[in-house]
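Please keep the structure open while I talk.

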Amino acid sequence: MSKTRDRIREGNLRYKQSLGQNFLYDEALLAELVRAAEVNREEDVLEIGPGVGSLTKPLCEAAGHVLSVELDERLVPLLSAFMAEKDNFTLVQGDVMTLDLARVTEPLKKPFAVVANIPYYITTPLILRLLTSGLPLSRLALMVQKEVAEKILSSPGQEGWGPLAIRCQYTCEPRLAVEVPAACFTPPPKVDSAFIVMPVRKEPPVQVRSEERFFRVAAAAFALRRKTMLNNLCATFRADRETALGWMRQAGLDDKVRGERLSMEELARLADVMDEEETL
Ligand code: SAM
């Protein structure tokens, strides 16, 4: 019986599937994740969903301070007891999707890293929330479903290329760190997982006049899959065909290209052309 399973048994806990409770238990794997996340004493860490503390303890042993946000109230006494001897640990009970994260993370040294085996039912909204929150982040190191990792790491024209990949690659430099089979969790989830590390960029990879417009144009590229960008522009921005054709040509893009094939550079050129015409 692993130590994680011991704590779950002793705490008389029933896993809550609705909260994405799939706990890690292999200490060698947990140490590998902490190493891959490049956690160090100089840096503080925000952990989301500590569960019964399997990742939390090795994080505390490597990081400056660790602040963990856990929604499940039942885990609070268990975690508090398990982490009692660590003086660089703070537990906040609450929902990471609704808490005021700027206020909650006030005590952390800036910038801080987010390291977590996250609950999968909030994967995309959580990543988008973290990346658009304006929090001073150095890095995200997250366990996600393998297919989400593939999306985040995908290139233009690939199946997974879309708004999530563009947001992640615009803000960070994502890389696959560790592939993690379903059997490494208790209970095992239905899908395999991957631990991805995403250092936050100092500068975005493309320069745009307006980030807001860039992300609106990027979203438009995927509004109707397998349609041309021209059609997507007309539909999303209620533009007539001639106007949209003008934008495409000025941006040096083929009229027939599908939105899902466009790179960040091409989307940036298009957004800038539209921005110059003040069309959005
Ligand atoms: N970190 C632990 C581990 O690796 O074994 C547990 C990870 S488990 C995949 C996800 C954890 O997130 C669970 O403890 C769950 O209760 C918690 N959780 C679920 N929804 C949450 C939310 N909205 N805000 C904060 N924590 C949440």
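Leaving aside its neighbours within four places in sequence, Leu101 is in contact, meaning heavy atoms within 4.5 Å, with Val96, Arg129, Leu130 and Leu135. This is a predicted model, so local features need pLDDT of at least 70 and side-chain atom pairs count only at pLDDT 80 or more, whereas totals for chains, interfaces and linings use all residues. Residues are numbered from 1 along each chain as its sequence is written, and side-chain values use heavy atoms, with hydrogens and water left out.

Leu101 belongs to helix α5, residues 101–104, where helices are DSSP runs of H or I with at least four residues, strands are runs of E with at least two, and both are numbered from the N terminus. Leu101 counts as buried because its relative accessible area is 5%, the cut-offs being under 20% for buried, over 50% for exposed and partly exposed in between, with a 1.4 Å probe and protein chains only. From C-alpha to C-alpha, Leu101 and Gly134 are 9.9 Å apart in space, and 33 residues apart in sequence.

Not counting residues up to four places away in sequence, Thr56 touches Glu47, Pro50, Val66, Ser68, Met83 and Phe89.

Let me turn to the backbone. Most residues other than glycine have a negative phi, and most peptide bonds are trans. Asn12, in the loop between α1 and β1, has a positive phi near 55 degrees, and Asn12 is exposed because its relative accessibility is 68%. Glu38, in the loop between α2 and β2, also has phi near 55 degrees, but Glu38 is partly exposed, with a relative accessible area of 44%. As for the peptide bonds, the one from Lys110 to Pro111 is cis, with omega near -10 degrees, and the one from Thr186 to Pro187 is likewise cis, with omega near -10 degrees.

Now the helix packing. At what angle do α9 and α12 pack? Helix α9, residues 211–221, and helix α12, residues 264–276, pack at about 120 degrees, with their axes 9 Å apart; the axes are lines fitted to C-alpha atoms over the stretch in contact, and angles run from 0 to 180 degrees between N-to-C directions. The residues that make this contact include Phe214, Val217 and Ala221 of α9, and Leu267, Ala271 and Met274 of α12. The buried residues of α9 pack against α8 and α10 as well as α12.

About 370 Å³ of space lies in the largest cavity, with grid points joined across faces, edges and corners and the volume taken as the space filled by probe spheres set on the points. It is lined by 28 residues, of which Gly20, Gly49, Glu70, Asn117 and Pro119 are the closest to its centre, lining residues being those with an atom within 4 Å of a point. The strands β1, β2 and β3 each give two or more residues to that lining.

Technical notes:
1 Å grid on protein atoms, 1.4 Å probe; cavity = no way out; pocket = protein on both sides within 12 Å on 5 of 7 lines; lining within 4 Å.
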